[in-house]
Amino acid sequence: ARGRYIALLNNDAVPDPGWLDELVRTIERDDSTAAVTSKLVFYTPFVRIGLHPVEGAEIGSVAPSILIGGSSSFAGSAYDKMVLLEGSRPVPAGDEQHLLPFGADSTLYLPSPPGVDDEVLQLTVAALEPTARATIAVFVGEEEIGRLDLGERAGKAELIVPRRLIDDAAIDLINNAGTELADDGSAADRGIWQPDDGRYDDPTEVSAFCGAAVLLRARAIAEVGAFDRDFFTYFEDTDLSWRLRSRGYRLLYQPSARARHRHAATSVEGSRSFRFHVARNRILMLVKNGTPGAFLRAYLSELRRFVVAMVPRPRRVDEPRPDWASELGLRCRVQLSLLLRIPRALLKRMGWLAH
């Protein structure tokens, strides 16, 4: 690339009009800026769903605890990313058998279906003891759409939702507003799963950029080296960010440069490839850039996962094969790859091997 700047855009990201102009204007304000990262929102808007106990229902002496299944969705949505927030903390969604507690401060977000007609909302819900039965009201946005009687066992319920309610309640959720780095080397998407409601609309300096939609200064990349090929995918952008900052460069977040991101559309979130590269590369990043203590804690944590995976557990009836066998294979692969790559990472840290 012969230009002054290099723009990166993932194959599962779609930028808003003016995206590149905003990035260029920002990076040209200060020669010490090596990268400008974008505001990434998830590809599809999400609809806020509320589940509230009905006053006066026979719910015992305490409010009912609700369980919600990870398979809950709008029937017409092909975007599989159920989001459950407890206050401001995201709770990972599981499969249909994985029921998540839904408390008084919980909010459920489901991807908005792409159609133009009324849609079917499919919920997998149950009541949690000590409440044997409960009645809840289901809201889309601020409007109630129906009531459900819950028993101890999870059941599927379907409710018709007018299209106008879906459109009124739809909001974008943040995927990345820059990346935060903790002292132990763990990296987190700043603002992930939070509504794009203005709280991340201020430009700011960040610890690391997200490579899904970013503008890089070519001169800075030539100075510190490009992405580390040993990483292949995941944490390669965090590793490069760490090297840029160690040379005194700044990394900026520009919210007016926005892109929609499917997130892990190629690797598939939670797949073996995804989990392998995330587990291995976080440790390699710390070998190259972190303190010895941070590396040791991260490696011992991964080693513990390997030891735990060596202990088989009983197979569930609905499992085609034991989970522990698959997990053990993954952890063995991580350990073997680290054994081969840690010496190279140390040589790169000392400057004896190119990135």
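This is a predicted model: local features need pLDDT of at least 70, side-chain atom pairs count only at pLDDT 80 or more; totals for chains, interfaces and linings use all residues.
Biologist: Which residues of β20 point which way?

Modeller: Ala213, Leu215 and Arg217 point one way. Val214 and Leu216 point the other way. Both sets are buried.

Biologist: Which strands pair with β20, and in what sense?

Modeller: Take the partners in turn. Strand β1, residues 5–9, runs antiparallel to β20, with 5 bridges joining them. Look for Leu8: its bridge partner in β20 is Val214. Strand β3, residues 33–42, also pairs with β20 in the antiparallel sense, over 3 bridges. There, Val36 has Leu215 as its bridge partner in β20.

Biologist: Now helices. How do I read the spacing of residues in one?

Modeller: Think in turns. An α-helix has 3.6 residues a turn, so residues three or four places apart point the same way.

Biologist: Which residues of α1 are buried?

Modeller: Helix α1 covers residues 19–27, and its buried residues are Trp19, Leu23, Thr26 and Ile27. Seen down the helix axis, these buried residues fall within an arc of 90°, so they line one face of α1.

Biologist: What covers the buried residues of α1?

Modeller: The cover includes β1, β2 (13–15), β3, β20 and β21 (250–261).

Biologist: What should I expect of backbone phi angles?

Modeller: Most residues other than glycine have a negative phi, and most peptide bonds are trans.

Biologist: Which phi values do Tyr234 and Phe235 have?

Modeller: Both are positive, although neither residue is a glycine. Tyr234 has a phi of about 75°. For Phe235 the value is about 70°.

Biologist: Where do Tyr234 and Phe235 lie?

Modeller: Tyr234 is in the loop between α3 (218–224) and α4 (236–246). Phe235 is also in the loop between α3 and α4.

Biologist: Is Phe235 buried or exposed? And how does Tyr234 count?

Modeller: Use the cut-off: buried means under 20% relative accessible area. Phe235 is buried, at 12%. Tyr234 counts as partly exposed because its relative accessibility is 21%.

Biologist: One last residue. Where is Arg333, and how does its accessibility count?

Modeller: Arg333 sits in helix α7, residues 323–349. With 40% relative accessibility, Arg333 counts as partly exposed.

Biologist: What separates Arg333 from Phe276?

Modeller: Compare sequence and space. The two are 57 residues apart along the chain, while their C-alpha atoms are separated by 7.7 Å.

Note on methods
Residues are numbered from 1 along each chain as its sequence is written. Side-chain values use heavy atoms; hydrogens and water are left out. Buried means under 20% relative accessible area, exposed over 50%, partly exposed in between (1.4 Å probe, protein chains only). Helices (H or I, at least four residues) and strands (E, at least two) are DSSP runs, numbered from the N terminus. Two strands pair if DSSP finds at least two bridges between them. The arc is that of the directions from the helix axis to the C-beta atoms. Contact means heavy atoms within 4.5 Å.
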